[in-house]
Amino acid sequence: MKSELVLYNTLTREKEQFKPINPPCVGLYVCGPTVYGDPHLGHARPAITFDLLFRYLREEGYKVRYVRNITDVGHLQNDADDGEDKLAVKARLENLEPMEVAQYYTDRYHHAMDELGVLPPSIEPRASGHIMEQIELVQEILDNGYAYESNGSVYFDVEKYAAKHNYGQLSGRKIEDMLCNTRELDGQCDKQRPLDFALWKKAAPEHIMRWKAPWSLGFPGWHLECSAMSVKYLGERFDIHGGGMDLMFPHHECEIAQNTAASGHGAANYWMHNNMITIDGQKMGKSLGNFITLEELFTGTHKLLAQAYSPMVIRFFILQAHYRSTLDFSNEALQAAEKGLDRLMAAVETIDKVMPGKASTVDVSDLERRCREAMNDDLNSPMVISALFDWVRIINQLHDGTQTISAGDLEALRRIVHRFVFDILGLRNDAAAEKNDLVGPLVEMLLEMRQQAKADKNWAASDKIRDELTRIGIVVKDRKDGYDWSIK
RNA sequence: GGUCUGAUGGCCGAGUGGCUAGGCACAGCUCUGCAAAAGCUGCUACAGCGGUUCGAAUCCGCUUCAGACCUCCA
């Protein structure tokens, strides 16, 4: 139970010992997707990063309530554009109800996450289902004097807030700097000052998604849902808030401001931000149009892709970099990840073939120690993988007989490897799953026949069996005393 | 323009003052009917220029380059 976990807190810009408010409970909130398009590689990063955290906390004995929202309320492209939101535009283009669009992409997102081995969160609230809570939050902020109504819309009064509180504490921005650098978006804006942001927006006639509120028929500001829903499900104070680095400002900064304006303090103790995935050194993102969807990745249907990459390769690729580093996409890197993952999975299977000896020439505790130390150091998954690969070699040596291991140690090794590879890193051995009751015995039968052919020095028959199996994707590896096989 | 990150070997990617992560690629060897796999060995880098130090990829300064945020974004 006692954890040595250290996490980097964006709020303090330091690695801090993780101390939950009410152990063994942990409250975790992560910003989820806006469901108006197919999930892309960028979505996989936070999902996998915080899935890793979720899994590790659970393994460490914490009872985690993990909340990840679905943004299904259309928000405006920008303040000057009073017309349509992204969801509505999509709905019109595809001739659908906005909620139909949201549902469709929510399902697509869920499916992709499932493929990637991302566990479902404990609660997945939708913004559209929490309009009441958002309206109440706006009212509280108004009551506390940190917001004003203007022509049916409600804006957060940043200047007034900043006089008492630290607006910019998370992003490290200074309000004076922001003031000089705000681009004035002209037009029909009801804001008093450029830094103010919308809490409630009066809907233009063509705006389809709208709800009734004391101020107007309208829709909530886009920072609002996270403030309202995190507090609703995790309490006024909770442990960890996560999301992509690009959300730090303004989204998370505004969240803190909203919570503080309502209750006097921010909600989360630790703020964690994953870095971006880049493509040719540039951020991959919807707005840049250079993103690759997860489905394209899984099927290899994108002009930049040399081949298809399985969900587990994507997961492994992401875990091989630390979550706070940018990770550059390339076919070469993905292919390297694919081969590395194959080797790791082969070794996991090899453990079961190792014959125990009397005494151990290897120290199994070394693996567990290194993996835990790495995880405890701000989720250093690359270091975990590095330790595992050192043990891939050792496992192969055990199998070859150049090292020996006792039965007890072997069982411990199996347990540790499975725990870190499957339970914590969340990897899956998809190839092993294909070795089902039908394929297994068939292959075994053919390989027994091949053994006979080899014994008879009938190389033509032996090679034919092997070549034919290779052709249909089954790799045969001869050993001194028999054979191994696997599905490619 | 403001704020902030980063620059590591053929590629990806850890590491924060001395003890040379790991993966992929490449080369040689062992094993082997051949092949594959595996093992062993080799390849040993930290953008540039100064400074601090017994010692710097790691700390400080400057330069160059790249990226992110400042507007929706994971």
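## Terms and model

Helices, labelled H, are DSSP runs of at least four residues, numbered from the N terminus. The model described here is predicted.

## The surface near RNA strand B

Helix H13 supplies 9 residues of the surface near RNA strand B, the largest share. Elements that each give at least two residues to this surface include helix H1 (41–59), helix H11 (331–351), helix H17 (459–471) and strand E15 (474–479). By class, the surface has 22 polar, 20 charged and 16 nonpolar residues.

Around RNA strand B there are 58 residues, of which Lys 86, Arg 173, Trp 222, Lys 283 and Met 284 come nearest. Sugar or phosphate accounts for 66% of the RNA strand B atoms within 4 Å of the protein, and bases for the rest.

## Polar contacts with the RNA

An N or O atom in the side chain of Asn 396 lies 3.0 Å from a sugar or linking oxygen. For a base oxygen, a polar side-chain atom of Ser 462 is found at 3.0 Å.

## Strand pairing

An open sheet of 3 strands has the order E13-E12-E14 and mixed pairing. Its edge strands, E13 (282–283) and E14 (327–329), each pair on one side only. Strand E12 (residues 277–279) runs parallel to E14 over 3 bridges, with Ile 279 bridged to Phe 329.

Elsewhere, strands E5 (residues 147–150) and E6 (residues 153–156) pair in the antiparallel sense over 4 bridges. Glu 149 stands opposite Val 154. The two strands form a hairpin with 2 residues between them, and Asn 151 in the turn has a positive phi of about 55°.

Terms used: Residues numbered from 1 in each chain as written. Chains lettered and ligands numbered in written order. Predicted model: local features only at pLDDT ≥ 70, side-chain atom pairs only at ≥ 80, totals over all residues. Heavy atoms only, no water. Pairing = 2+ DSSP bridges. Near = heavy atom within 4 Å. Polar contact = N/O pair within 3.5 Å; in protein donor to acceptor, adjacent residues only side chain to side chain. Nonpolar A, V, L, I, M, F, W, Y, C, P; charged D, E, K, R; others polar.
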